[in-house]
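Subject: Structure handover

Hello,

Here is the structure I promised to pass on. Please keep it open while you read the notes below.

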Amino acid sequence: MAPSHAVRCCQRGLSWIPVIFINLVVCWSYYAYVVELCIYTIANTEEQVIYLIVFHVFFFMFIWSYWKTIISKPASPSKEFCLPKADKELYEKEENPEAQQEILKRVARNLPVYTRTGSGAIRYCDHCQLIKPDRCHHCSTCDRCVLKMDHHCPWVNNCVGFSNYKFFVLFLAYSMLYCVYIAATVLQYFIKFWTNHLPDTHAKFHVLFLFFVATMFFISILSLFSYHLWLVGKNRTTIEAFRAPVFRNGPDKNGFTVGFRKNVTQVFGDQKKCWCLPLYSSLGDGYTFPTRLVNVDSEQGNVEHRAIKCTVDGQTNPRPLSESQNHLLGNNMHSEEQKDSSPVNIGTSTLSIHTPHICPRTL
């Protein structure tokens with residue numbers, strides 16, 4: 001026990017090395033830009049003031065979104081998804097996998113669970129001993145199941161999922177803007193130092209290296225940011241992009257797509273003024289999501305809607321499931337959604353889209 005505990009402590013300590021590295025690079029870039037460039041190199045006072053003001057805006061937003069991604073605790077399934085004590089004892093005693101699946105199916109009838117494993121079985125985490133909600137996966141690094149897990153990012157030493165995916169996308173956006181702004185404003189002085197139009201001083205190394213580092217990070221972040229923008233537009237996680245979620249009627253890579261605008265709204269919220277701020281505003285509860293299911297899951301026919309509390313960003317999510325789902329699928333449907341005359345399953349309700357208006361009906 002003692003050696004294994006020591007190993008886990010060492011692993012936790014080593015996992016912070018990428019975060020420390022990023023913070024050291026950011027601290028150096030702040031010194032190089034503010035002191036070496038703006039104070040020692042730029043002679044024009046007006047140019048200094050403008051550069052510093054814009055730089056600090058990007059720097060503040062970058063640091064804010066970065067640390068929000070780091071400190072946001074990954075949202076995990078609630079106790080409702082754990083097996084009742086009696087069923088848990090039966091499950092552990094049972095050695096037949098088919099019999100174990102029957103136990104899980106019986107419990108899952110009372111839960112808003114619609115995705116399955118590749119073989120069609122109920123998704124169950126033996127480590128956390130709970131039935132996995134839709135889009136939930138177990139992270140071996142964090143040692144927990146994470147709601148709407150996207151991936152585990154070593155650069156933030158945290159799981160990116162339902163609770164902090166918006167913060168992660170903003171972190172990529174502001175880090176990219178931070179780098180491109182530095183590269184653009186440093187370029188002219190980089191050329192002057194490179195062509196010896198400025199005297200050799202201690203600022204030369206910092207300015208030259210600052211341009212190379214900013215450009216390198218911008219190129220690498222640009223591809224990652226573009227990829228996650230594509231994921232947001234398609235309403236997919238990184239895991240779902242590589243392995244399509246499986247429903248009762250089979251795998252469907254677009255199973256959670258409800259239209260570009262509503263896909264974006266799920267992540268960033270319905271108030272556009274909050275989109276650019278690293279404040280929690282995502283819709284939903286992290287357990288149930290609007291889907292494009294063609295066939296209603298007969299096993300879930302008797303599921304009654306019940307509010308499942310999800311604590312995100314230090315507070316209980318104030319947006320109930322029914323409100324957020326109806327907001328996403330109610331009101332105005334886009335033309336691409338109106339073309340689909342099949343029912344849309346939203347966990348506890350089915351919306352028939354046969355007419356321009358939406359008529360909810362209970363399963």
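Asn263 is in contact (heavy atoms within 4.5 Å) with Val232, Gly233, Lys234, Asn235, Phe256, Thr257 and Val258, leaving aside its neighbours within four places in sequence. Asn263 lies in helix α9. Helices here are DSSP runs of H or I with at least four residues, strands are runs of E with at least two, and both are numbered from the N terminus. Asn263 counts as buried, because its relative accessibility is 0%. Buried means under 20% relative accessible area, exposed means over 50%, and partly exposed is in between, with a 1.4 Å probe and protein chains only. The C-alpha atoms of Asn263 and Arg236 are separated by 9.0 Å, and these residues are 27 apart along the chain.

Two notes on the source. This is a predicted model, where local features need pLDDT of at least 70, side-chain atom pairs count only at pLDDT 80 or more, and totals for chains, interfaces and linings use all residues. Residues are numbered from 1 along each chain as its sequence is written, and side-chain values use heavy atoms, with hydrogens and water left out.

**Helix α9**

How many residues of α9 are buried? The count is 7 of its 9 residues, so the helix is mostly covered. The buried ones are Lys262, Asn263, Val264, Thr265, Gln266, Val267 and Phe268. Gly269 follows α9, and its phi is positive, near 95 degrees.

**The whole chain**

The protein chain has 11 helices and 14 strands. It has 363 residues, and 50% of them count as buried. Take the contacts with a separation of 6 or more: residues 24 or more positions apart account for 64% of them. The chain exposes about 18,500 Å², with 61% supplied by carbon and sulfur atoms. Accessible areas come from the Shrake-Rupley method with a 1.4 Å probe, and for residues only the protein chains shown count as cover.

**Cavities**

Rolling a probe the size of a water molecule over the atoms shows where empty space is left. A cavity is a set of points, on a 1 Å grid over the protein atoms alone, where a 1.4 Å probe fits but cannot get out; lining residues have an atom within 4 Å of a point. Points are joined across faces, edges and corners, and a volume is the space filled by probe spheres set on them. By this rule there are 2 cavities of 30 Å³ or more. The largest cavity holds about 140 Å³ of space.

Which residues lie nearest the centre of the largest cavity? They are Lys148, Phe162, Tyr165, Gln266 and Val267, out of 16 lining residues. Helices α6 (165-194), α7 (202-234) and α9 (260-268) each supply at least two residues of the lining. By class, the lining has 7 nonpolar, 5 polar and 4 charged residues. Here Ala, Val, Leu, Ile, Met, Phe, Trp, Tyr, Cys and Pro count as nonpolar, Asp, Glu, Lys and Arg as charged, and the others, Gly among them, as polar.

**The loop between β5 and β6**

Lys148 lies in the loop between β5 (144-146) and β6 (151-153). Its phi is near 45 degrees, a positive value in a residue other than glycine. Most residues other than glycine have a negative phi. Is Lys148 buried or exposed? Lys148 counts as buried, because its relative accessibility is 10%.

Asp150 is found in the loop between β5 and β6 too. Asp150 counts as buried at 2% relative accessibility. Leaving aside neighbours within four places in sequence, Asp150 is in contact with Val160, Gly161, Tyr165, His228, Leu231, Thr237, Thr238 and Ile239. Asp150 and Glu240 are 90 residues apart in sequence, and 8.2 Å apart in space, C-alpha to C-alpha.

**Two arginines in loops**

Arg135 sits in the loop between β3 (130-131) and β4 (137-139). Its phi is positive, near 70 degrees. Arg135 counts as buried, at 3% relative accessibility.

Arg243 is in the loop between α8 (238-242) and β8. Arg243 is exposed, because its relative accessible area is 55%.

**A sheet**

An open sheet of 3 strands has the order β1-β8-β9, with antiparallel pairing. Its edge strands are β1 (115-116) and β9 (250-251), and each pairs on one side only. Two strands pair if DSSP finds at least two bridges between them. Strand β8 (residues 246-247) is joined to β1 by 2 bridges. Arg116 has Val246 in β8 as its bridge partner.

Best wishes

How values were computed. 1 Å grid on protein atoms, 1.4 Å probe; cavity = no way out; pocket = protein on both sides within 12 Å on 5 of 7 lines; lining within 4 Å.
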